[in-house]
Amino acid sequence: MMPLFDFPGGIHPPENKAQSSTTPIRQAPLPPQLHVALRQSMGNAARPCVAVGDRVAKGQQIASADGRLSAAVHAPTSGVVSAIAPQPFAHPSGLPELCITLDSDGEERWIERQPLHDWAQRSGAEIRDFLAQMGIVGLGGAVFPSHLKLGVSPLETLVINGAECEPYISCDDRLMRERADAICDGIAVTRHALQARQVLIGIEDNKPQAIAAMQAAAAVHGYRVVAVPTKYPSGGAKQLIHVLAGKAIPHGVRATEHGVQCFNVATVYAIGRAVLHGEPLISRIVTLTGAVDAAANVEALIGTPLASLLALAQPHRDSKEVVMGGPLMGFTLPDLAAGLTKAGNCLLVKSPALFPPRPPAQPCIRCGDCASACPVSLQPMDLFWFAKAKNFDKAQQWQLFDCIECGACSYVCPSQIPLVDYYRFAKSEIWAAERDKNAANLARQRHEFRQFRLQRDKTEKAQRLADKAAQAAARQAASHNAAANLAPAADPKQAAIAAAMARAAAQREAAPLPEQHSSGLNDAKQAAIAAAMARAAARKNAADEAKAASGQPPASPPQSSGLDDAKQAAIAAAMARAAARKAADDDAKAAGGQPPSPPPQSSGLDDAKQAAIAAAMARAAARKNAADEAKAANGQPPAPPPTSSGLDDAKQAAISAAMARAAARKAAADQAKANQRPDS
């Protein structure tokens, strides 16, 4: 005999299970139209993966999970998708939810089912991924995605919850009676995925037939079936773990941290059908009870309109409300046109005879009954005040989310305060605020990313433009280099010119020009000029001596002709060239036996004038030589020789004679003026 433990609090309400548990499970008829809600778990709604007008087969995925807590949705039957739009939804808020409306074709045509073969050799991760694709969620009412509960292994104990403690509900009782072997097959898969050392199956002792059936099936697998005392809410996961394993799971701690995990019997049955037969979760067993004539348990397809299900139980005419779930944890349905969800374990029809109207709520008298009944050891009266005052932060500090909403506090409250309704309100407000905060954070992140993306695009564009400019410059430089390298080969005339210039340069280097004087005249011309200047100087000296002998003053030096040195040098050069050509002609005539050319006619100038011209030319040559020597001492090149004025020798001689006559006239005038001075 296994020792059992007790959890704090709890109540013993009337069971009212016999109305529906005495008849076998029956199959609900196929409805002509199903409204399959996309929100089939406690997390995000699934995302449709079909479109209006698509024909689907039974078991085909029609919506994929959206996030960690979301669950995939599959077609409950074969047919055509006629709408994807908001429809009435089974929720206390009464707000519509996005649903896929499926018009059934009556053929019940399955997809090709693909079980997970060799599951015993598969890892826990492979089994988890497979169950996520099959849309398996907890069928005890929490609809938590089941594959997430398989994430920790190995475990010490796997607890299977068959307590089904809430009044009126008997779907798990009938399931254990009729399909115990299939439940044990699902337990085997779950145990393998978790690598659990032992399996404990807890069933309340008010279900003797279910206990017997499960003991017979579990014996083959070595599982232990334990009958637990009937006490509400022993079906809570933490409460059943405490009863069977003696482990109290504290606030904010998962059961897996204590080596324990808990699954509902209907959930492990669905796991077995998925892994062993390839069937996704498209149906569930629902208890139809309350103010009805034909209470029963039926297996109905997900999405079946609730009104058509209730019609099978034949509700009483005086029925007023329909509750989804039990009388303690359920909620009143706002619209019976909603489709059945995976959380819908019971439809309870209320009537004034079975459920008299609740008296008006009275002020809290602080009796403490609610605290005594709480199975989680909370302070329900304080949570009520915080929720009523919308002091949600304080409510969270007092462990609001540890409340399992079992309704035990409301059941025992003498003031008839609907405490659980306040707790649900506070939770929904906190969740809404959290969603708004997450949405704001997401919007902020998107805005920041947009700003980053714009700046990144701007930077990348500038970089691309810079790269293009650099590439264009590189291409232009390469084309210039190629043109420079290919130009000699491409133009043979240029090559010929370059070769000729090179040959000329080589010839100049091999045969240098005769040495030139600074004036640009050769030796013969320089000698002729020097002889002329010497004769002029001799004549001047003779004249000066004659005047001195006669008592006259010597002649004044000739005045400047008014020409600058460059012009004087050009004139001297022209005269020298003329004299050189005449000497060459005379030599040629003498060699040929001809008489030489007659001497040039006198220009009309006397010896003094000739001497003045020669002296001016000598001074110009001296100044030029001095300038050239100064430049040479400073490392500068000498001044270039004066270029020809473009006149021939005869014209140059005529110009020189004219200039000489002008200079002589000026000198004579100056002498006359000097003779007329008083002091002469």
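Author: Helices (H or I, at least four residues) and strands (E, at least two) are DSSP runs, numbered from the N terminus. This is a predicted model: local features need pLDDT of at least 70, side-chain atom pairs count only at pLDDT 80 or more, and totals for chains, interfaces and linings use all residues. Residues are numbered from 1 along each chain as its sequence is written, and side-chain values use heavy atoms, without hydrogens and water.

Reader: How many helices and strands are there in the chain?

Author: Both kinds of run occur in the chain. The count is 18 helices and 17 strands.

Reader: What share of the 680 residues counts as buried?

Author: Buried means under 20% relative accessible area, exposed over 50%, and partly exposed in between (1.4 Å probe, protein chains only). Of the 680 residues, the buried share is 38%.

Reader: Which strands do the buried residues of α6 pack against?

Author: Helix α6 covers residues 237-245. Its buried residues are Q239, L240, I241, H242, V243 and L244. Contact means heavy atoms within 4.5 Å. The strands packed against are β9 (155-161), β10 (196-204), β11 (224-228) and β12 (260-264).

Reader: Which residue just after α6 takes a positive phi?

Author: The phi there is about 70°. The residue is G246.

Reader: How many disulfides does the count come to?

Author: A disulfide is a pair of cysteine sulfur atoms within 2.5 Å. By this rule, the count is zero.

Reader: How far from C171 is the nearest cysteine sulfur?

Author: C171 is in no disulfide. C171 is buried, at 3% relative accessible area. The nearest cysteine sulfur belongs to C346, and the distance is 7.3 Å.
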